[in-house]
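Welcome! Take a moment to look over the sequence and the structure below.

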Amino acid sequence: MTTSETEAANAGGPPGPEPEPRQGPGLASELVRAGTVGLIAAFVGFSSSFAIVLEGLTRVGASRAEAASGLMALSVSMGACAIFLSLRLKMPISVAWSTPGAALLAGSAAVDGGFGAAVGAFLVAAALIVVTGLWKPLGRWVSAIPKPLANAMLAGILLPLCLAPAKAVQEKPAVGLAIVVVWAAVGTFKKLYAVPAAVVVAIILITATTHISAADLGPLWPKPVLVTPDFTAAAVIGIALPLYVVTMASQNIPGIAVLNVNGYEPEPGPLFGWTGAFGLASAPFGGHAVNLAAITAALCADENAGPDPRKRYRAAAIGGGAYVLLGLGAGAAVAFVGAAPPTLIEAVAGLALLGALGNSLVGAVTDPGDREAAVVTLVVTVSGVQFFGISGAFWGLLAGGALYAAK
């Protein structure tokens, strides 16, 4: 006889029903919550930086069709990688493209050999990330690069792009100022949504103030464009090595840190290896780098994605699926960006990078003993100097490194 039956018998009445155990959130509500967070993460990640990716691919020689192919390849690859890793490890492994890497490309000039040479550099950078996952000494060597110099190089890459909002306000005061004001206003309440809000306003204002015909837009669905890689020393040194360094230092390593802070401790090596492998798959179609997410990763890894940490992987997997769908619409994004005034698109990209610029500047100059070497790295990088076809990011790191070693 159960306790309730005994109590009822002692009271002289019929036994009552067993009390219902307290239920937690149902499966449906958990999936809705995870799905909402995953969709938000994908939208924020895509809308905050797709313009930077397109600018970077175009600067290193991609045609409109190749840029659309690259954006699609990146979105599909990182979405598939997030789904694969999240379901396999039962952890919220969020994957993204390298926004600092795209900024590096956007600050570069077209390389000798055209976009084929850039694709060769993308393959080398992805291969280095795979090797980092398989061979720990390489990861230690990257970690040994002085943090002030790595931050200064990244700041030098980002600074020219972050000037774009001010230039947009000067050239198109009404539209440019509206975009900046919306970004600032939304950021006051929820910083994560500031750039997506600016993107939405930019789309509305560009549509209202610019005559964009169907002929200007062209085909809205992207077609994969297979690019034959060309491996040149200038592209490997000037693009592949800086791309590898900024992707590891600004994306992969912080991505692991975000997971650790939220109580997840995956082995870093396999994660680096798998993201590098998906990067290898996307590179021949124009994708520059696939890596762990650093900013949007927190959305899927904390309690926003659900009260049970063991089930938050669903949010990252759903976000990965959303990235795949967004990738299939890459042609529309490229068509609109191509038909819109470049100044306004660059302004949105610059707003998206201001936070990263601020963090990089702080990391570069915090230690007075390393400040001079960091400043040298910054000014040489931002100068855009090129020797032997190799971009300023490499020479900035080399110049700052020489001064750092000599102190």
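Does Thr-99 count as buried or exposed? Thr-99 counts as buried, because its relative accessibility is 17% and the limit for buried is under 20%. Before going further, please keep in mind that this is a predicted model. Its mean pLDDT is 82, and 89% of the residues reach 70 or more.

**Confidence and overall make-up**

- Over residues 1-24 the pLDDT falls below 50, and this stretch has ten contacts in the model beyond near neighbours in sequence.
- Where pLDDT is low, the predicted coordinates should not be read in detail.
- The secondary structure comes to 19 helices and two strands.
- The protein has 407 residues, and 50% of them count as buried.
- Among contacts in the protein with a separation of 6 or more, 82% join residues 24 or more positions apart.

**Thr-99 and its surroundings**

- Thr-99 belongs to helix α4, which covers residues 99-106.
- Leaving aside neighbours within four places in sequence, Thr-99 is in contact with Ser-49, Ile-52, Gln-251 and Leu-353.

**The nonpolar cores**

- In soluble globular proteins, nonpolar side chains tend to be buried together.
- Here, the largest nonpolar core has 95 residues, and those that touch the most other members are Phe-50, Leu-71, Ile-93, Trp-97, Phe-115, Phe-122 and Ile-179.
- Helix α12, residues 233-261, supplies the largest share of this core, with ten residues.
- Apart from this core lies another one, of eight residues, including Cys-300, Ala-305, Ala-315 and Ala-316.

**Ile-93 and Ile-256**

- Not counting residues up to four places away in sequence, Ile-93 touches Ala-82, Leu-85, Ser-86, Leu-259, Leu-271, Leu-292 and Ala-316.
- Ile-256 is found in helix α12, and Ile-256 is buried because its relative accessible area is 9%, with the limit for buried set at under 20%.
- Leaving aside neighbours within four places in sequence, Ile-256 is in contact with Pro-268, Leu-271, Phe-272 and Leu-292.
- Ile-256 and Ile-93 are 163 residues apart along the chain, and their C-alpha atoms are separated by 9.3 Å.

**A loop residue, Lys-90**

- Lys-90 sits in the loop between α3 (64-89) and β1 (95-97).
- The phi angle of Lys-90 is near 55 degrees, a positive value in a residue other than glycine.
- Lys-90 counts as partly exposed because its relative accessibility is 43%, which lies between the 20% and 50% limits.

**Cavities**

- Rolling a probe the size of a water molecule over the atoms shows where empty space is left.
- A search of the whole structure finds five cavities of 30 Å³ or more, and the largest cavity holds about 80 Å³ of space.
- The largest cavity is lined by 13 residues, and the closest to its centre are Ala-41, Ser-94, Cys-300, Gly-319 and Tyr-323.
- Both α2 (27-59) and α15 (313-328) supply at least two residues of this lining, and α15 gives the largest share, five residues.
- By class, the lining of the largest cavity has eight nonpolar, five polar and no charged residues.

Note on methods. Residues numbered from 1 in each chain as written. Heavy atoms only, no water. pLDDT = per-residue confidence, 0-100. Contact = heavy atoms within 4.5 Å. 1 Å grid on protein atoms, 1.4 Å probe; cavity = no way out; pocket = protein on both sides within 12 Å on 5 of 7 lines; lining within 4 Å. Points joined across faces, edges and corners; volume = space filled by probe spheres on them. Helix = DSSP H or I, 4+ residues; strand = E, 2+ residues; numbered from the N terminus. Nonpolar A, V, L, I, M, F, W, Y, C, P; charged D, E, K, R; others polar. Core = buried A, V, L, I, M, F, W, Y, C linked by side-chain atoms within 4.5 Å. Buried < 20%, exposed > 50% of the residue type's maximum accessible area, 1.4 Å probe, protein only.
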